[in-house]
Amino acid sequence: MTAPVIMQVHDLGSTSSRIMLNVGREFNPQAIIMESEIIRTTLDCASSFHQSLIGRFNPAYSGWVELKGGCYCYGDAAKNLKAELQLGKSKFELAIPKILATTGAVSEEFNLPNGTTINLGVLLPYREYGDKDIFERFLRSYLQDFKFCGNHKSFNLNHFVCLPEISGVMLQAKVGKKTSNSNQIGLMLGFRDVSAVYVSKGSLSGGTSKDLGFHELCEFVGQKIAFHDYKQLAEAISRAGSKIYAKELQPLLGNLNKTYRQAKLTQIKQAIKEGRKNYLFAFDEWFKANIRGEVDEVIIAGGTAHYFRQELDAMLKKTSVSRINWCDELEERIKSSFDSVIEQHSLHYRLSDVYGLFFYLWEYLSQNGDV
């Protein structure tokens, strides 16, 4: 029998996918990052790009998948074909070729034969959570018959868990009161979406999502300063922090003549200040409109949340929420286990959801004798 694979994948839409992985029956989790760009193309375009590379390409960074209905390039190949962030597409639609690409890359890295059993966990924004059954049906079919970089692949999807974003954090976070007696809201602030999940006395009672992630700030700033590479803009704004350190904004100046650099830098900083103010107002209005009755605890996570941590903390303390849980202990556990990956990819506060669901899946499979 081949070694089972447990794989938890997060952010299958517009930003880099984070994968928590365990191959075999020994507990040895690993974190892997795959680039966000993916584009539908022709097989000729995909293979031509990779044939032009010098040396052997790394499938974690670039490759293509063929499935019924099309061929998709991801990573460097997609960048070469001018792929853009596809914020308007449903995450599960992008998730299918991304999961196939991830599975293919993992199979190459670990020499997994066809027929290997895959156990998979996926997180979706609450507004797309209703698509989970369609998602699973097509994913099971495609995993049994696809091509990865020209090689036929076939895997058996054993156990599949699909939960709303923030669920992984809520499964692992230490709460202030027993969940059986409390009302909680889980808040996930990502790049595209913000999601709220309601838990009443330990049971999921509903949720909501809005297209109000970090990209809103980036698009506002981009329009103000005529800079439309939102991925690069997001990285610069994030690194500049709430104090908007000018040093971190230098990459946005490109090769601009030194005569104009200071004026441009001032323009960028002003746009960020204004954008931050507008974003926080919009989030405050959304949250107040969606808070439900008495809330014992808000559990909050996501890169956007921690970028605005000081402001959001003050904002939430003005509501009826009894306790704000930033999951600091969970973050410390992640940092101690995957510090090198976090540092390499600037993933501060962005592994918590994938980490939480991975451990939930491992525990479930262990109890049922599947690992």
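**Cavities and cores in a predicted model**

Mentor: By the grid rule used here, there are 2 cavities of 30 Å³ or more. This is a predicted model, where local features need pLDDT of at least 70 and side-chain atom pairs 80 or more, while totals for chains, interfaces and linings use all residues. Residues are numbered from 1 along each chain, and side-chain values use heavy atoms, without hydrogens and water.

Trainee: What counts as a cavity?

Mentor: Rolling a probe the size of a water molecule over the atoms shows where empty space is left. A cavity is a set of points on a 1 Å grid over the protein atoms alone where a 1.4 Å probe fits but cannot get out; lining residues have an atom within 4 Å of a point.

Trainee: Which residues line the largest cavity?

Mentor: Ser17, Met34, Glu35, Glu37, Tyr74, Lys98, Ala101 and Thr102. Helix H3 (residues 91-109) gives the most, 3 residues; helices are DSSP runs (H or I, at least four residues), numbered from the N terminus.

Trainee: And which residues touch the most other members in the largest nonpolar core?

Mentor: A nonpolar core joins buried (under 20% relative accessible area, 1.4 Å probe, protein chains only) Ala, Val, Leu, Ile, Met, Phe, Trp, Tyr and Cys through side-chain atoms within 4.5 Å. Of the 44 residues here, Leu187, Phe283 and Leu312 touch the most other members. The largest share, 9 residues, comes from H8. A second, separate core of 42 residues includes Leu67, Ile99, Leu143 and Phe146.

How values were computed
On a 1 Å grid over the protein atoms alone, a cavity is a set of points where a 1.4 Å probe fits but cannot get out, and a pocket is an open set with protein on both sides within 12 Å along at least five of seven lines; lining residues have an atom within 4 Å of a point. Grid points are joined across faces, edges and corners, and a volume is the space filled by probe spheres set on the points. Helices (H or I, at least four residues) and strands (E, at least two) are DSSP runs, numbered from the N terminus. Buried means under 20% relative accessible area, exposed over 50%, partly exposed in between (1.4 Å probe, protein chains only).
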